[in-house]
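Subject: Structure handover

Hello,

Here is the structure I promised to pass on. Please open it alongside these notes.

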Amino acid sequence: MAEPLTMVIGDTAMSLADCPVRDVLDNIGGKWNTLIVLMLAEGPLRFSALRRRLPDISQRMLTQTLRDLQRDGYLSRTVFPTKPPSVEYRLTEMGRSFEALLKGLVRWSVEHHAAIRAARASFDQDAA
């Protein structure tokens, strides 16, 4: 019987079958998740404000993405008893800690975007 695959990072060995990195990245790596976290880093926003800032997202996708981020503990949701009820989203402490890491990725992406696009174009041209 084959042994389960493992990966070692620093002093930590992780089973690839139950890898925490894959589990976390599967949920945060979506198209809209990082944008929403970065928007909420500026302060709490209501659903309608998020919808205006992300005109390409459908209402259904925004709702699902916010639920997923709330479920994983990155943001909190507060319902205000107005007519009609309004809902506000804000980053939790864990969301703020993730936002700090995410800003480093954003900086890296901006610095390397041109080189990545050039590498893709070169690869695509060679593959054709």
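Helix α2 (residues 33–40) packs against helix α4 (residues 59–71) at an angle of about 75°, and the two axes lie 10 Å apart. That angle makes α2 roughly perpendicular to α4. Bear in mind that this is a predicted model.

The α2 side of the contact has Asn33, Ile36 and Val37. On the α4 side are Leu62, Thr65, Leu66 and Leu69. Sorted by class, the contact has five nonpolar residues, two polar ones and no charged ones.

Next, the core. The largest nonpolar core holds 23 residues. Those with the most contacts inside it are Ile36, Leu40, Leu50, Leu62, Leu66 and Tyr89. Two or more residues each come from α2, α3 (47–53), α4, β5 (86–91) and α5. The top contributor is α2, with four residues. In soluble globular proteins, nonpolar side chains tend to be buried together.

Take Leu66 as a way in. Leaving aside residues up to four places away in sequence, Leu66 touches Ile36, Phe47, Leu50, Leu75 and Tyr89.

Then there is Glu99, in helix α5 (residues 93–127). Is Glu99 buried or exposed? Its relative accessible area is 9%, under the 20% cut-off, so Glu99 counts as buried. The Glu99 side chain makes a polar contact with the side chain of Lys103, at 2.8 Å. Beyond residues up to four places away in sequence, Glu99 touches Val37, Ala41 and Leu91. Val37 also takes part in the contact of α2 with α4.

Best wishes

Notes: Residues are numbered from 1 along each chain as its sequence is written. This is a predicted model: local features need pLDDT of at least 70, side-chain atom pairs count only at pLDDT 80 or more; totals for chains, interfaces and linings use all residues. Side-chain values use heavy atoms; hydrogens and water are left out. Axes are lines fitted to C-alpha atoms, for helices over the stretch in contact, and angles run from 0 to 180 degrees between N-to-C directions. Angles under 35 degrees count as roughly parallel, over 145 as roughly antiparallel, 65 to 115 as roughly perpendicular and the rest as oblique. Contact means heavy atoms within 4.5 Å. Ala, Val, Leu, Ile, Met, Phe, Trp, Tyr, Cys and Pro count as nonpolar, Asp, Glu, Lys and Arg as charged, and the others, Gly among them, as polar. Buried means under 20% relative accessible area, exposed over 50%, partly exposed in between (1.4 Å probe, protein chains only). A polar contact is a pair of N or O atoms within 3.5 Å; within protein, one must be able to donate a hydrogen and the other to accept it, and residues adjacent in sequence count only if both atoms are side-chain atoms. A nonpolar core is a set of buried Ala, Val, Leu, Ile, Met, Phe, Trp, Tyr and Cys residues joined through side-chain atoms within 4.5 Å.
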